[in-house]
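Please examine the sequence and the three-dimensional structure shown below.

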Amino acid sequence: MDSKIPSGPLADKWTKHKNDINLVNPANKRNIDVIVVGTGLAGGAAAATLAELGYNVKTFCYQDSPRRAHSIAAQGGINAAKNYQGDGDSNYRLFYDTIKGGDYRSREANVYRLAEVSGNIIDQCVAQGVPFAREYGGLLDNRSFGGVLVSRTFYAKGQTGQQLLLGAYSAMNRQINRGKIQAYNRHEMMDLVLVDGKARGIIARDLVSGEIERHSAHAVVLATGGYGNVFFLSTNAMGSNVMAAWRAHRKGAFFANPCFTQIHPTCIPVSGEHQSKLTLMSESLRNDGRIWVPKKMEDAVAIREGKLKPTQLAEEDRDYYLERRYPAFGNLVPRDVASRAAKERCDAGFGVNKTGEAVYLDFASAIKRYGKEKALTSGLKNPDEATIIKLGEEVIEAKYGNLFQMYEKIVDQNPYKTPMMIYPAVHYTMGGLWVDYNLQTTIPGCYAAGEANFSDHGANRLGASALMQGLADGYFVLPYTIGDYLSDDIRTGKIPTDSKEFDEAEKQVRDRMEKLMGGSGIHSVDYYHKKLGKIMWNKCGMARNAKELEEAVKEISDLRKDFWENVKVPGTIDSKNQELEKAGRVADFLELGELFAKDALHRNESCGGHFREEYQTEEGEALRDDKNFKYVAAWEFAGEPKDAKLHKEDLVYENIELKTRSYK
Amino acid sequence: MKLYLKIWRQKDASSAGKIVDYTLDGVEGDMSFLEMLDILNEELISKGEEPVEFDHDCREGICGTCSLQINGEPHGPDRLVTTCQLHMRKFNDGDTIVIEPFRAKAFPVIKDLIVDRSSFDRIQQAGGYISVNTSGNTVDANAIPINKHAADEAMDAATCIGCGACVAACKNASAMLFTSAKVSQFALLPQGRVEAVERVQNMVRQMDLEGFGNCTNTGACEVECPKGISLTNIARMNREYLSATLKG
């Protein structure tokens, strides 16, 4: 595997690379077409910047508007090594924290570049009018996220993703208005088209008319997000899917580290069988919330039976297990660590809701702390308890109001008065299409950006780093690196869509849809998706072992066979048909799930979000095996997912010493 | 609980639609409104009928995809929520619920409960941006201090999710709340002042071209807005528009 990392010292690599790569002159850019699939932070940013540089851009998204891509749901913030707080932050520290947080399974050069451009993202977004939170002096405010010891997270209340996405969307709108971007909304990419081994276009389906369309380009960028919905229940949007990435994989793009999945510790617990998705409660809440379960088993049982309220439990009867196990980082340990610790307590019988799968996230002490401070600054020297709590609740509301409201609407409990109940849920996928330093996949001309690629987060992503990576890829990395590739295409001319390659790809897409419609019609698409989700959650979830992973490979393969024979898809191909849309996506999840389990089975170590029960320390911490697994597992499609061929990219650490990750 | 549903069914944009009755049993209070529709659809599919199509995506109240006019109100009877956050505990056993698409000339029906809101995108394309290049070659983010109150107010306006409830709530199908939220966000920030004159004129012109109605200050939009976007934004846009017109 050639990752094309530039030579030279770490801090100089990106600058040197930018100076060395080929450029396309402005007049020639006007003759080059680029397709961008997905309009979230990575896709929206890339589309806007490429159009601004002069390329002709076509964007595709399944939503009715680019503004609705799921980046919009990111809550807490975006990291940047600005060191505005003067607390010792630097590009190196952000780089180091990210490599360590990813449990030493990401590429040094990529992560350093990410840290290097991070500060510029904030400058850019402020210039675009993104209303970040500010202090009274008018300067930008920061907060802290898990796995770090500095405050480097910029935020816009609990809607940071929304504000950044609307920024990218507005940059896109400016280019749409200039005619440099043609936006195909309510369109789904059904397949990638290769001509002479290069990505030269896509087959798309107009989701309103059902029409199959051909679109050609000199390069194709996939910014289509992650595959968390393979678990059925996740914090992803209902429509989030792996189709574009998986279609590219089937055409030759290697899929890297599919088993690296992030299970986020603070989500609203599952309430019943009808549940269609899970809702995240931002990690920023762990700045002020303390996580606990009862110390005594009888208290946990009484709480579950509704005989005892959490607020009645004395301080000494509570087990603040993160503060107990990890005194240095406390409630702000990284996500994988916090999730496993919650599972450990609940498995041991200390869970606090009906299902026994929930822990408390408690704001009572923060409310008191803020209330006292607010009373003092308001001139109240001897405030009573009620005043302190009232003032404290106001501070908490200003910080997290929308999250508290969201919680109350879903759970029907007031989190200002009683602790929130939370449990881990599938949130983000670190794995994705393998890309080199230029973000190019193993198919020439096919690029992957944002969550869709595997590149920067190793085996675990730190909070507030997804937004950073999406925008870094889209605004600052891809627009440079893609020019190097496109510089060979200045004489190519328009790519025709009446070639045999397009004929063949379109035929495959039609045949596949007809096959989906032709099932015996016993079960709905959701029936299969839920079954797949159960296998994934039970056997490929927070803790995995060889026996169950072997079972998962077999069970998913059987389920896929059943799906193709018996699925029921009503309606027609040539009209708006949401069930058909879902069917195509679930068909691909049924393949990806198998590769996921195979990858998890082959990785005989525990690292980051991948926890193998066979490989743990006596204290139950993840036990990495750097001797045998210090590599990226890049899988090549070979017919059935279980036959995929493994390619290894060895990870070289020249600037960071590999250590056992400790947050104690 | 058992519910009696009256749902708008329409094959496509060119067909006529009608209300169809369904009875649904076994609905629980913890279900969201959309999960209730999921269950109805599972039943319809198992009976060999076509499911009811409706727009939805994030199901946590932020993407703005879900819509639905429920018993005459956009996003239903609860306040400050989208349909996906509306829970069935707000209804009672035996209730009849009428479910229709958002109604407006500028939001044509695509199928069943799905409408076309691309008119909103075109309003944004007309001027809902600050014309800076995304090269990153700009000043340091802290070089322009911004008054915290102005920044907070800009943020409040910026939280609009573009769902269209304001239009559906308005007897004139006006898009003033939506358009003014974006105009306000930029009017309140120094970065946005540079193009303020052109922006408000271009966005208002596009809004009128799309066939949205005028504002008669009924305030229904503010009441139904799931994000609590304030009517003050409309006043601010009117002032911006007037001053832009006077400046010519």
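A:Val221 touches A:Val34, A:Ile35, A:Val36, A:Val37, A:Gly43, A:Ala46, A:Tyr447, A:Ala449 and A:Leu478, leaving aside residues up to four places away in sequence. Contact here requires that the C-beta atoms of two residues, placed from the backbone, lie within 7 Å. The model is predicted: local features need pLDDT of at least 70 and side-chain atom pairs count only at pLDDT 80 or more, while totals for chains, interfaces and linings use all residues. Residues are numbered from 1 along each chain as its sequence is written, and chains are lettered from A and ligands numbered from 1 in the order in which they are written.

**Nonpolar core.** A:Val221 is among the residues with the most contacts inside the largest nonpolar core, together with A:Val37, A:Val220, A:Leu222, A:Val359 and A:Leu433; this core has 284 residues. Such a core is a set of buried Ala, Val, Leu, Ile, Met, Phe, Trp, Tyr and Cys residues joined through C-beta atoms within 7 Å. A residue is buried if 20 or more other C-beta atoms lie within 10 Å of its own, these atoms being placed from the backbone. The largest share of the core, 12 residues, comes from α17(A). Helices (H or I, at least four residues) and strands (E, at least two) are DSSP runs, numbered from the N terminus.

**A bent helix.** At A:Tyr400, α12(A) bends by about 90°, the bend being the angle between axes fitted to the seven residues ending there and the seven starting there. Between its end C-alpha atoms α12(A) spans only 27 Å, whereas a straight helix of 27 residues would span 39 Å at 1.5 Å a residue; the expected span is 1.5 Å times one less than the number of residues. The buried residues of α12(A) include A:Tyr400, A:Leu403 and A:Tyr407, and the buried residues of this helix pack against α11 (364-377) and β15 (420-429) of chain A. After α12(A) comes A:Asp412, with a positive phi near 70°.

**Interface and chain B.** The contact takes 66 residues from chain A and 63 residues from chain B. On the side of chain A that touches chain B, α6(A) gives the largest share, nine residues. The residues of that side divide as follows.

| Class on the chain A side | Number |
|---|---|
| Nonpolar (Ala, Val, Leu, Ile, Met, Phe, Trp, Tyr, Cys, Pro) | 23 residues |
| Polar (the others, Gly among them) | 27 residues |

Chain B has nine helices and seven strands, and 52% of its 248 residues count as buried.

Technical notes. A residue is buried if 20 or more other C-beta atoms lie within 10 Å of its own, exposed if 12 or fewer, and partly exposed in between; C-beta atoms are placed from the backbone.
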